[in-house]
Amino acid sequence: MRITRSRRPRLLLAAAAATVAATAAATLAIGSGGLPTADATTSNPVVATGNGAVRGVGADGTYSFRGLPFAAAPTGNLRWRPPQPAASWRGVRDATSYGPGCPQAPSVVTPGQLSEDCLYLNVSTPALHTATKRPVLVWIHGGGLVGDSGSNYDGTKLTKAGAVVVTINYRLGALGFLAHPALATRPGGPAGNYGLMDQQAALRWVQRNIGQFGGDPHNVTIAGESAGGLSVLAHVTSRSSKGLFQRAIVESGAFALEQEPLAKAETFGKEFATRVGCLDQSADCLRKVPVQTLVDNISTATALIPGVVDGAVLKESIGTALAAGRFNNVTILNGSNHDEEALFTLGGRVVSRGYNLPYISPVTAANYESNIAGALRVAPAQAAAIAKEYPLASYATPDKAFGTLVGDATFACGAAQVNKWTARRVPTYGYEFNDDTAPFLFAPAGLLSVATHGSEMWYLFDLPNAPFPVPLNAEQTALADSMRAAWVNFAKTGNPSTPSTYWPASGHTGRVLSLVPPAPQLSTDFAARHHCATFAQNLDKVK
């Protein structure tokens, strides 16, 4: 276990500061079996959960409960096992501070505290005293399955728009997604996808407890961005996630629609075990490896995305299941951003078909087609055909042409393909975030001036730990207000349309809503603008 001192201020309201009278009143209300009445209107509301009472904090006209355990600490013998129930407690547990994030390498999204004991969630709710249950939105953070934390997303603004918002942690990196035959629950059985199991455990906690926070357990929307959006698609196609949610929001998540077979993932697992000193390939050895060693030996360029068909959580690839109609019957809101790859090309890599791949930089006329062939894993003739659709003369630099091309193939056309598959069976709504003036909070000002990967999150959440915060202007604020209203109305009704913005279903026409300031506009040429027909013809699969 590794715990570091927080770099950011945390709101610390000690439980001991509450008066004996307030505690007694809250205990009385909890003991009566209803919502707490004595404390709920104060700045420190108390709510009963299935594991014990928790004391939250008032926040901007809403209530927040932070650091709620939804599963036992996955440490010791519980490392690389399905999540187990959290222990109960007596008295009132302080829930005014976030729990630690899961172990991960340092980055711009790394939370201040890290621990292998990290399976905590956070709840923001607009009210505790109402018979009308509000829609629930459960946010699954991104970060490539190796980084980030639920504490980086403050759902207060979405809560003020009418939703109960839950942000969650889940095991990351090798701790969350390593597949190794020694970790299987039985010989030849499934291994891996522990992070997805954690997400399911959080959703089961929501089913049991969210009613006490004013939420409707029968109206749950799961939402996520990047690897979080990919996780949402995994749950849409997972039989073991059926019934845990009714709607799904996928933000830039359709970039890895073919998962690796278990045998290949386990081969990597054996190589990883050797790398961390477990030459005997035993589970006992792996469970004793220091956390930092596990973190240091997982490379974002080699391992975990696009994920594994483990045989338990995922019985087939996401794209295979969606194309065949084998997915949970939930309404879907799915989209991408205008120039997804601009963020990644800053570091000399692209995200292509689920993998982080370096390319020959700078891109030139001489290496353009070979870069395309390598990134998309296509033959030279296919690369040449694709290159014709993106002539270098049409772009400011060859690198820009290459990044645009790979982003279209991976993110935009992946989203279009998912919409086409799901619209055959369930209501599906598409979007493209197109505010190219959007401030990007994870890079210095001026480095990016395009709607790239992650740009839309600032329009939905407060991001208290973002390293380069920039306020939205008036037109951007209007767009942000309309987006939050649409997200909450989708969670409430299954339709993102609002009185001010009509949002048609995607259907066979491929219509999407272009999210531009100050108000969204309908777009009917999304697939054509991103050359999706070209990629469908020249890629063996859109994945």
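1. Tyr368, Glu369, Ile372, Ala373 and Leu376 in helix 11 meet Ala383, Ala384, Ile386 and Ala387 in helix 12, where contact means heavy atoms within 4.5 Å, and helices (H or I, at least four residues) and strands (E, at least two) are DSSP runs numbered from the N terminus. The residues of this contact between helix 11 and helix 12 divide into eight nonpolar, no polar and one charged; here Ala, Val, Leu, Ile, Met, Phe, Trp, Tyr, Cys and Pro count as nonpolar, Asp, Glu, Lys and Arg as charged, and the others, Gly among them, as polar.

2. This is a predicted model, in which local features need pLDDT of at least 70 and side-chain atom pairs count only at pLDDT 80 or more, while totals for chains, interfaces and linings use all residues. Residues are numbered from 1 along each chain as its sequence is written, and side-chain values use heavy atoms, with hydrogens and water left out.

3. Helix 11 (residues 368–376) and helix 12 (residues 380–389) pack at an angle of about 115°, their axes being 9 Å apart; axes are lines fitted to C-alpha atoms, for helices over the stretch in contact, and angles run from 0 to 180 degrees between N-to-C directions. Helix 11 and helix 12 are therefore roughly perpendicular to each other, given that angles under 35 degrees count as roughly parallel, over 145 as roughly antiparallel, 65 to 115 as roughly perpendicular and the rest as oblique.

4. A second pair is formed by helix 4 (residues 194–209) and helix 5, which pack at an angle of about 75° with their axes 11 Å apart. The contact is made by Leu196, Gln199 and Gln200 of helix 4 together with Ser231, Ala234 and His235 of helix 5, and the residues of this contact divide into two nonpolar, four polar and no charged.

5. Of the residues of helix 5 (residues 227–237), 11 of the 11 are buried, so this helix is largely enclosed by the rest of the structure; buried means under 20% relative accessible area, exposed over 50%, and partly exposed in between (1.4 Å probe, protein chains only).

6. Ala191 is found in the loop between helix 3 (173–177) and helix 4, and at 1% relative accessibility Ala191 counts as buried. Leaving aside neighbours within four places in sequence, Ala191 is in contact with Ala179, His180, Leu183, Ala184, Leu262, Glu266 and Asp310.

7. Two cis peptide bonds deserve a look. One joins Ser361 and Pro362, with omega about 5°, and Pro362 has its place in the loop between strand 15 (355–358) and helix 11. The peptide bond from Pro517 to Pro518 is also cis, with omega near 0°, and Pro518 lies in the loop between strand 17 (512–515) and strand 18 (521–523).

8. Trp80, in the loop between strand 4 (62–69) and strand 5 (92–94), has a positive phi of about 60° although it is not a glycine, and Trp80 is buried, with a relative accessible area of 1%.

9. As for the whole, the protein has 16 helices and 18 strands, and buried residues make up 59% of its 543 residues.
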